[in-house]
Amino acid sequence: MERIPILKMGRFLLVSIQVDMDDRTAMTLQDDLTGQIVKHHAKGVLIDISSLDVVDSFIGRMLANTAAMARILDAETVVVGMQPSVAITLVELGLSLKGVRSALNVERGMELLRRGAVDMEWTTPEASADADHEE
Amino acid sequence: MQITKSETVTVRGGAEVVSVRHTVRKWAVEIGLTLVEQTKIVTAASELARNMVDYGGGGVLMLEHLDDSTRRGLRLTFEDRGPGIPDIDAALRDGFTTGGGMGLGLGGAKRLSNEFTIHTKPGEGTRISITRWKGAS
């Protein structure tokens with residue numbers, strides 16, 4: 001079975017899913033991530049799914065559950081890079097991934113995590129630049 | 001309507017659900033489905049293949065390229081010899097599940113397809129066919 005690597009960068013964990021996961025691989029990733037959050041006292045998790053051309057209900061549920069578990073462990077999760085065709089299909093499937101923070105790409109996702117305040121997602125670029133200075 | 005190509009694959013476990021996604025993608029590309037159309041039928045296939053593994057004890061997928069002289073389509077038929085579905089209406093409802101899933105598989109697969117038929121008999125098994133036509137919304 002394949003195992004998806006998890007990278008640690010400061011207070012954040014980064015995952016880039018590059019393979020089409022079977023269900024077991026997806027569950028292992030969920031377990032590994034929650035374990036690593038605790039081990040490293042991570043404050044944020046970024047999951048890059050730009051390589052995935054299919055996200056079905058199982059993978060979608062894994063992403064939603066991971067975000068929920070991470071939140072309980074005091075870490076925020078951002079899912080980045082979802083392909084438009086995948087987004088269209090997910091919504092039609094009935095999975096809107098409520099509660100999962102998303103961003104268009106890794107850069108924007110990291111910015112969201114760094115700000116650490118998910119409720120600030122609507123702030124203007126100027127405001128977010130200010131927030132960076134204050135850090 | 002003509003069947004221009006067909007193939008049968010066995011689906012027993014989780015790894016084969018992944019290969020189903022790849023095979024269906026290839027067949028969808030071959031008849032020129034758009035990226036969104038491809039993604040919809042591949043996702044629907046993934047749900048139905050997983051259902052077959054989780055609830056039907058595995059089964060068989062038949063892929064067919066269809067040509068009705070005005071348009072081309074891809075038909076997928078999933079057949080298992082599992083316990084069958086006692087209440088189809090309930091099984092199609094979102095959120096209904098007897099396993100650990102979200103209960104989106106069957107209803108979701110139906111929504112992602114242009115045509116959907118289901119035959120099931122308790123104790124004998126289930127056969128589900130979905131079709132996606134090129135250019136159909």
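In what order do the 5 strands of the open sheet of chain B lie? The order is β1-β2-β3-β5-β4, and the pairing is antiparallel. The views below come from a predicted model, which scores ipTM 0.90 and pTM 0.89.

**View 1. The sheet of chain B is open and is built from 5 strands.** Its edge strands are β1 (2-11) and β4 (115-121) of chain B, each of which pairs on one side only. From one strand to the next, the twist averages 15 degrees. Within this sheet, β2(B) is joined to strand β3 (residues 72-80) of chain B by 9 bridges, in the antiparallel sense. One residue pair to look for is B:L61 with its bridge partner in β3(B), B:F78.

**View 2. Confidence in chain B is highest in strand β2 (residues 59-67) and lowest in helix α3 (residues 88-92).** The mean pLDDT is 98 for β2 of chain B and 85 for α3 of chain B. Over chain B as a whole the average is 92, and 94% of the residues score at least 70.

**View 3. Chain B and chain A meet in a contact that takes 23 residues from chain B and 18 residues from chain A.** On the chain B side, three helices each supply at least two residues: α1 (14-30), α2 (35-56) and α4 (105-111). Which of the elements gives the most to this side of chain B? It is α2(B), with 9 residues. By residue type, the side of chain B that touches chain A holds 9 nonpolar, 8 polar and 6 charged residues.

**View 4. Chain A contains 5 helices and 5 strands.** Read from the N terminus, its elements follow the order β-β-α-β-α-β-α-β-α-α. Chain A has 135 residues, of which 36% count as buried. Among the contacts in chain A with a separation of 6 or more, 73% are between residues 24 or more positions apart.

**View 5. The open sheet of chain A has its 5 strands in the order β1-β2-β3-β4-β5, with mixed pairing.** β1 (6-9) and β5 of chain A are the edge strands, each pairing on one side only. The twist from one strand to the next averages 25 degrees. Helix α1 (residues 23-40) of chain A packs on this sheet and touches β1, β2 and β3 of chain A. The direction of α1 of chain A makes about 155 degrees with that of β2(A).

**View 6. A:L13 lies in strand β2 (residues 12-16) of chain A.** Why is A:L13 counted as buried? A residue is buried if 20 or more other C-beta atoms lie within 10 Å of its own, and A:L13 is buried because it has 25 other C-beta atoms within 10 Å. Neighbours within four places in sequence aside, its contacts are A:I6, A:K8, A:L33, A:Q36, A:I37, A:H40, A:A42 and A:V45. A:V45 is 32 residues from A:L13 along the chain, yet their C-alpha atoms are separated by 4.8 Å.

**View 7. Strand β4 (residues 76-80) of chain A is mostly covered.** Are its 5 residues buried or exposed? Buried: this holds for 5 of the 5. A:E76, A:V78 and A:V80 lie on one side of β4(A), with A:T77 and A:V79 on the other, and both faces are covered.

**View 8. β4(A) runs parallel to strand β3 (residues 44-48) of chain A, and 5 bridges join the two.** Two residue pairs can be picked out here: A:I47 has A:V79 as its bridge partner in β4(A), and A:L46 has A:V78. Between β3(A) and β4(A) the chain passes through helix α2 (residues 57-72) of chain A, in a β-α-β crossover that is right-handed.

**View 9. β4(A) also pairs with strand β5 (residues 101-103) of chain A, in the parallel sense and over 3 bridges.** The bridge partner of A:V80 in β5(A) is A:A103. To get from β4(A) to β5(A), the chain goes through helix α3 (residues 84-93) of chain A, and this β-α-β crossover is right-handed.

Notes:
Residues numbered from 1 in each chain as written. Chains lettered and ligands numbered in written order. Predicted model: local features only at pLDDT ≥ 70, side-chain atom pairs only at ≥ 80, totals over all residues. Buried ≥ 20, exposed ≤ 12 C-beta atoms within 10 Å, placed from the backbone. Helix = DSSP H or I, 4+ residues; strand = E, 2+ residues; numbered from the N terminus. Pairing = 2+ DSSP bridges. Right-handed = clockwise from strand over helix to strand, strands pointing away. pLDDT = per-residue confidence, 0-100. Contact = placed C-beta atoms within 7 Å. Nonpolar A, V, L, I, M, F, W, Y, C, P; charged D, E, K, R; others polar. Axes fitted to C-alpha atoms, helices over the stretch in contact; angles between N-to-C directions.
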